Amino acid sequence: MFSRRTRLIGALFLLVVASVALTLGSSRWMRATRIDLTSDRLYTLTPGTVRIVEKLRAPLKLTLYFSEHSTRDLPQLRSYEQRVRELLQEMVARSHGRLRLQVVDPVPYSDDEASAEGNGLSPISGGTNGERVFFGLVGTTLPGLQDGESDGEPHPGAKTLAIPLFDPGRETFLEYDIAKLLYELNEPAKPHIGVISSLPVQGNPVLGEEPWTVIRQLGQLFEVKTLDPNKLDRIGDDIQVLLVIHPKHLSDAAQYAIDQYVLRGGHLVAFVDPYSELDTTPFVDSNGVIDDHNSDLPRLFTAWGVQFDPQKVVLDRSRALRIELADNSAANHPAMLGLTGQELNHGDVTTASLQRINLSSVGYLDLAPKATSRLIPLMQTTSDAEVVPSQRVRESTTDPNALLDGYKADNNRYVVAARVRGTFPSAFPEFAKRPGHIAQANGNAEVILVADTDLLTDRLWVSYSQSLLGPLQLSALANNGDFITNLADNLSGSSELLSIHGRTSSQRPFTRVLALQAAADQKFLAKKQELQRELAVTRSRLSELQPAKAARGDSAGAEQKAEIEQFLQRQLAINKELRDVQHQLNAEIDALGMRLKFINIVLVPSLVTLFGLAYGWRRSRRNRRRA
Amino acid sequence: MSPVMAVARRELRSYFVTPVAYVFLVIFLVLAGILTFYAGDFYDRGQADLQPFFVMHPWLYLLLAPAVSMRMWAEEAKGGTLELLLSLPMTIAQAMLGKFLAAWLFMGIGLLLTLPVWITVNYLGSPDNGVILASYVGSWLMAGAFLAIGACLSAVTQSQVVAFILTMVVCFLLLLAGQPQVMDFLQGSMPRKLLNGVAHLSLLRHFEAIARGVLDLRDLLYFLLCIASWLTAGVLVLDLKRTP
């Protein structure tokens with residue numbers, strides 16, 4: 001038989017083979033069982049995505065195009081590709097075989113490259129040797145075969161959708177983007193949304209104006225139908241959600257159509273405004289008719305138990321947006337609000353995950369006395385708000401600071417957007433005899449009311465920028481678009497997508513350093529203002545001396561010269577003071593950094609050394625004593 | 001007390017009776033601090049996470065783990081105490097496990113002493129502490145893998161220096177496997193499947209996967225398998241050396 005030595009060598013050899021095989025096997029064949037410790041559960045599919053994946057009707061083929069070869073020098077993109085691939089694999093694992101994933105490396109001049117381009121992927125330049133980099137996803141529907149199997153090839157009439165480029169800058173929306181692609185591929189038809197608007201939300205094709213971004217975003221998920229309020233007498237049941245934007249001079253017929261739609265269980269979102277800034281109607285037209293650019297639905301609001309004053313605007317100086325004025329200076333505009341997460345309802349699915357909504361010249365909603373409806377606020381101002389006539393806001397467009405004159409906070413949080421729920425009666429009881437008239441909602445009806453229309457305009461939430469990875473890109477400054485999509489999603493019943501919206505960004509800044517910086521900026525600004533005032537006083541004294549010079553001759557000239565000299569001296573001194581202030585403020589931040597470095601690099605190791613020395617000394621003393 | 005725990009206790013105590021343990025700990029802490037704050041630009045990048053700290057760990061361990069593990073068996077063999085140890089009423093496996101546990105706990109103490117970095121980042125902002133916890137787990141597992149490799153290679157030779165260098169080379173290779181540069185280099189000379197296999201053996205890849213904040217059973221299993229295999233190999237090597 002074999003000697004013990006041979007057996008041991010054999011065992012060593014077997015061990016090597018077994019451990020390599022086990023390592024490779026476990027990586028390859030074991031299903032991912034993981035504990036996601038990230039606070040935002042970044043690597044765990046949200047229940048919304050899981051439901052979308054599980055509800056897939058027909059098999060889908062996903063092709064992830066990633067230029068493996070051209071991205072050797074782009075480690076950031078490579079690690080992002082891994083994140084994308086893992087997410088897709090997780091979705092495939094949960095799809096009961098209805099999702100197939102293929103990863104393709106579209107090498108230059110290959111058929112794969114042609115198919116990537118053909119499917120609408122946008123390549124970016126900057127790969128190794130200047131090659132183009134493809135990094136996008138194409139989803140195609142496959143015919144569902146009898147046995148649930150499919151040949152994996154697209155068939156005629158297949159629906160194909162693509163994510164042209166996975167931009168690492170959009171990582172927080174990664175899951176949403178993919179889930180949206182799957183949702184759209186799975187839906188035979190998009191839900192219908194009706195829009196009644198007196199603002200140019202659809203753009204103007206004649207002038208080459210595109211629809212507003214909110215409408216374009218809605219158009220990706222829904223079939224958006226524009227309804228003409230002048231011809232409206234009934235809203236069809238095919239409309240899942242009705243958006244009424246800035247309703248002005250709506251005919252009774254149109255209002256009745258809306259009234260009955262709501263009572264039938266239809267979903268309405270109404271945007272009214274005490275001052276709509278994109279309303280282009282002349283304030284006084286050729287017939288002398290005055291238009292305040294406000295909108296209201298008084299009859300319907302009364303029926304729903306809601307109060308709204310179209311002549312009143314809410315100011316909130318704590319949430320004032322900083323805007324640039326015509327003279328290049330900047331000022332806080334108390335009628336333009338940037339509401340933060342604190343002012344948004346965390347308990348409502350439509351606003352829970354939003355961080356910021358920008359609004360302008362907003363009104364407020366309240367329940368009428370004796371109303372039986374319930375008003376659930378979605379957005380509120382802070383308690384540092386004040387209500388002023390809309391005219392004051394219109395008059396202070398060039399000087400928003402005027403709105404702060406005599407500002408007196410009401411200590412009241414005004415409701416800017418809300419759900420209103422109740423067993424609404426019809427606002428048109430006189431039509432009771434019409435066939436099919438509904439006098440009262442059967443069970444709870446619900447409408448969502450927003451007291452601003454400007455939040456829909458691009459200027460409040462969209463900026464266009466040149467992205468690092470491609471052509472002109474839209475980026476959102478606030479969640480206004482998400483809010484509208486959330487409303488439509490929620491009301492049209494596809495609430496799965498909702499839970500995936502707006503995951504928190506992985507950016508976690510040093511808040512303490514930022515606070516130091518902010519305090520420093522404030523101190524610097526205060527000092528600057530103080531010094532500027534001082535300079536202004538000197539300057540005015542100087543100009544006072546100007547006319548006196550001519551009258552009093554040379555002696556005044558000498559006085560003026562001295563004053564100018566003094567002024568210049570003071571200006572120099574002030575500039576130095578400002579520099580010193582700035583330097584001192586930066587020094588605070590640097591000093592904090594130095595303290596932290598000292599603690600981590602010097603203090604802790606020193607303590608370990610001291611402990612070691614003390615322990616060693618005690619030991620040697622004990623040993624000596626024993627000896 | 002089980003023989004494993006007895007050995008672990010004795011070994012751990014032996015670390016602290018000589019200045020060596022303190023020197024190791026101080027070097028580890030100073031290097032970790034300098035690399036995090038200067039090479040990793042921890043403060044100036046202004047992000048409340050410990051990525052610059054953990055990203056340096058594999059390279060720190062590459063230096064320190066072989067230094068801790070080199071004396072494990074090589075010293076016993078050279079000093080002639082190996083035979084004495086093996087004559088005690090316990091198996092080689094128990095002795096191996098005890099020694100390994102002591103070294104692993106020692107590295108764990110080193111890691112625990114870096115907690116001021118964690119306090120610092122929590123003082124500066126609100127980091128994702130789940131990710132930090134996962135990174136600590138990943139880092140300690142990686143230290144364990146390095147030490148297990150060191151334990152085996154320390155059994156191979158009588159010279160501590162040779163054990164140190166061997167361990168460093170093996171750990172370095174395991175770190176490099178799966179790195180994009182290495183994969184690119186090997187791309188032409190290897191079939192794709194084999195290449196993927198090499199990538200799966202990479203220590204760094206599994207550590208990075210855990211440090212993202214996800215404890216994947218496959219990554220945990222990789223480290224445990226790695227530790228178990230190298231320790232078993234060490235036991236076989238010791239047995240082989242004892243067998244005439």
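Across the interface of chain A and chain B, two salt bridges are found. The model is predicted. The area buried between the two chains is about 5200 Å², and the contact draws on 48 residues from chain A and 55 residues from chain B.

**Area of the interface**

- The size of an interface is often given as the accessible area that is lost when the parts come together.
- Of the roughly 5200 Å² buried between chain A and chain B, carbon and sulfur atoms give 66%.
- Leu37(A), Arg508(A) and Phe510(A) together supply 14% of the area that chain A buries against chain B, which is more than any other three residues supply.

**Polar and charged pairs across the interface**

- Between chain A and chain B, 13 residue pairs are in polar contact, counting pairs with both residues at pLDDT 80 or more.
- A salt bridge joins the side chains of Glu86(A) and Arg212(B), with an N to O distance of 2.8 Å.
- Side chains of opposite charge can pair when their charged atoms come close.

**The side of chain A that touches chain B**

- Four elements of chain A each supply at least two residues to this side: helix H1 (4-29), strand E1 (34-36), helix H11 (511-552) and helix H12 (554-626).
- H12(A) gives the most, with 15 residues.
- By residue class, the side of chain A that touches chain B divides into 24 nonpolar, 13 polar and 11 charged residues.

**Strand pairing between the chains**

- E1(A) is joined by three bridges to strand E1 of chain B (residues 214-216), and the two strands run antiparallel.
- In this pairing, Arg34(A) stands opposite Asp216(B) in E1(B).

**Four-stranded sheet of chain A**

- Chain A has an open sheet of four strands in the order E3-E2-E4-E5, and its pairing is mixed.
- Strand E3 (99-104) and strand E5 (160-163) of chain A are at the edges with a single partner strand each, so one side of each has no neighbour in the sheet.
- From one strand to the next, the twist averages 20°.
- Strand E2 (residues 60-66) and strand E4 (residues 135-141) of chain A pair in the antiparallel sense over seven bridges.
- Leu64(A) has Leu137(A) in E4(A) as its bridge partner.

**Three-stranded sheet of chain A**

- Chain A also has an open sheet of three strands in the order E12-E13-E14, with antiparallel pairing.
- Its edge strands are E12 (320-324) and E14 (356-360) of chain A, each of which pairs on one side only.
- Neighbouring strands of this sheet are turned against each other by 45° on average, with direction ignored.
- Five bridges hold the antiparallel pair of E12(A) and strand E13 (residues 330-340) of chain A.
- Glu324(A) stands opposite Ala330(A) in E13(A).

**Salt bridges in the whole structure**

- Over all chains, the structure holds 30 salt bridges.
- Within chain A, the side chains of Glu113(A) and Arg132(A) meet in a salt bridge with an N to O distance of 3.1 Å.
- This pair links distant parts of the chain, 19 residues apart: Glu113(A) lies in helix H4 (residues 111-118) of chain A, and Arg132(A) lies in the loop between H4 and E4 of chain A.

Definitions and conventions. Residues are numbered from 1 along each chain as its sequence is written. Chains are lettered from A and ligands numbered from 1 in the order in which they are written. This is a predicted model: local features need pLDDT of at least 70, side-chain atom pairs count only at pLDDT 80 or more; totals for chains, interfaces and linings use all residues. Side-chain values use heavy atoms; hydrogens and water are left out. Contact means heavy atoms within 4.5 Å. Buried area is the accessible area (1.4 Å probe) that two parts lose on being put together, summed over both. A salt bridge is a side-chain nitrogen of Lys or Arg within 4 Å of a carboxyl oxygen of Asp or Glu. A polar contact is a pair of N or O atoms within 3.5 Å; within protein, one must be able to donate a hydrogen and the other to accept it, and residues adjacent in sequence count only if both atoms are side-chain atoms. Ala, Val, Leu, Ile, Met, Phe, Trp, Tyr, Cys and Pro count as nonpolar, Asp, Glu, Lys and Arg as charged, and the others, Gly among them, as polar. Two strands pair if DSSP finds at least two bridges between them. Axes are lines fitted to C-alpha atoms, for helices over the stretch in contact, and angles run from 0 to 180 degrees between N-to-C directions.
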